[in-house]
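Please examine the sequence and the model shown here, and then follow the report below through strands, cores, a helix and side-chain links.

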Amino acid sequence: ATFDPCRPVRWVLRPDGGPAGGELLVRAAIATVSAATGLRSTFAGTTDEPPTEGRAQRQPERYGSGPAPVLVAWSNAWETPELAGPQVGLGIAAWSGDRLVSGQVVLDAAELVAADGSPTALARPTVLHELAHVVGLGHVDVGGSLLQPAVVPDERFAPGDLRGLRAVGGGACS
């Protein structure tokens, strides 16, 4: 499943609980993934929508007609129990048929925001890693890859990651 490369991928940000400069960090990561995939992205604004398991793919009362935009949200283990323990982020793709249509990136503010309110060293690599899941990539067992199961403090995709991102961005137009 891939996003339609002929339509921009819309995304929204729930900034609550995020670090100072969190929106810029997310925008830069989305720009990096967009450049690697060839998929265009459009920021549809901020939201108060919480991340939820089984998030509705369509939310006309909140986002209008069409698929809900990809949600990027800072959260915690209380709100998102999957973040308890070593998990620092979640990247969840949502599809309809053979098309990705939406998704969520859920970021553990307790682990990714420092005591002074700045992003930790793992914040940017985590956002990149989880965005790669939303566009269709899975984990790989290759050292140096940003897509290995444990997030590493490397802020660049490895050559294999880039090949995968190019492939998921190369789907056919609908």
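How many salt bridges does a search of the whole structure find?

## Basis and salt bridges

The search finds 6 salt bridges, a salt bridge being a side-chain nitrogen of Lys or Arg within 4 Å of a carboxyl oxygen of Asp or Glu. The model is a predicted one, in which local features need pLDDT of at least 70 and side-chain atom pairs count only at pLDDT 80 or more, while totals for chains, interfaces and linings use all residues. Residues are numbered from 1 along each chain as its sequence is written, and side-chain values use heavy atoms, with hydrogens and water left out.

One of these salt bridges joins the side chains of Arg-14 and Glu-79, at 2.7 Å from N to O. This pair links distant parts of the chain, since Arg-14 belongs to strand S1 and Glu-79 to the loop between S3 and strand S4 (89-96), 65 residues apart; helices (H or I, at least four residues) and strands (E, at least two) are DSSP runs, numbered from the N terminus. Arg-14 counts as buried at 8% relative accessibility, whereas Glu-79, at 25%, counts as partly exposed; buried means under 20% relative accessible area, exposed over 50%, and partly exposed in between (1.4 Å probe, protein chains only).

In the salt bridge between Arg-55 and Glu-49, the closest N and O atoms are 2.7 Å apart. Arg-55 is buried at 11% relative accessibility, and Glu-49 is buried with a relative accessible area of 4%. Arg-124 and Glu-155 form another salt bridge, with 3.5 Å between the closest N and O atoms. Because Arg-124 lies in helix H4 and Glu-155 in the loop between H4 and H5, this pair ties together parts that are 31 residues apart in sequence. Glu-155 is partly exposed, with a relative accessible area of 41%.

Strand S3 (residues 70-75) is mostly covered, with 6 of its 6 residues buried. In a regular strand the side chains alternate between the two faces of the sheet. Both faces of S3 are covered, with Val-70, Val-72 and Trp-74 buried on one side and Leu-71, Ala-73 and Ser-75 buried on the other.

S3 runs parallel to strand S1 (residues 9-14), to which 4 bridges join it, and also parallel to strand S5 (residues 99-108), to which 5 bridges join it; two strands pair if DSSP finds at least two bridges between them. Leu-13 has Val-72 in S3 as its bridge partner, and Trp-74 has Leu-107 in S5 as its bridge partner.

## Nonpolar cores

Which residues touch the most other members of the largest nonpolar core? They are Phe-3 and Phe-157, in a core of 35 residues, where a nonpolar core is a set of buried Ala, Val, Leu, Ile, Met, Phe, Trp, Tyr and Cys residues joined through side-chain atoms within 4.5 Å. At least two residues of this core come from each of S1, H1, S3, S5, helix H3 (109-112), H4 and H5. A second, separate core has 5 residues, including Val-12, Tyr-63, Leu-71 and Ala-73.

Apart from neighbours within four places in sequence, the residues in contact with Phe-3 (heavy atoms within 4.5 Å) include Val-9, Leu-39, Val-70, Leu-100, Val-134 and Val-135.

## Helix H5

In helix H5 (residues 159-168), the buried residues are Asp-161, Gly-164, Leu-165 and Val-168. Seen down the axis of H5, these buried residues fall within an arc of 100°, so they line one face of the helix; the arc is that of the directions from the helix axis to the C-beta atoms. They pack against helix H1 (22-37) and helix H4 (123-134), while the face turned away from the buried side carries the exposed residues Pro-159, Arg-163 and Ala-167.

## The disulfide

The count comes to 1 disulfide, defined as a pair of cysteine sulfur atoms within 2.5 Å. Cys-6 and Cys-173 form this disulfide, with their sulfur atoms 1.4 Å apart. Cys-6 lies in the segment before S1 and Cys-173 in the segment after H5, so the pair ties together parts that are 167 residues apart in sequence. Cys-6 is partly exposed at 40% relative accessibility, and Cys-173 is partly exposed with a relative accessible area of 44%.
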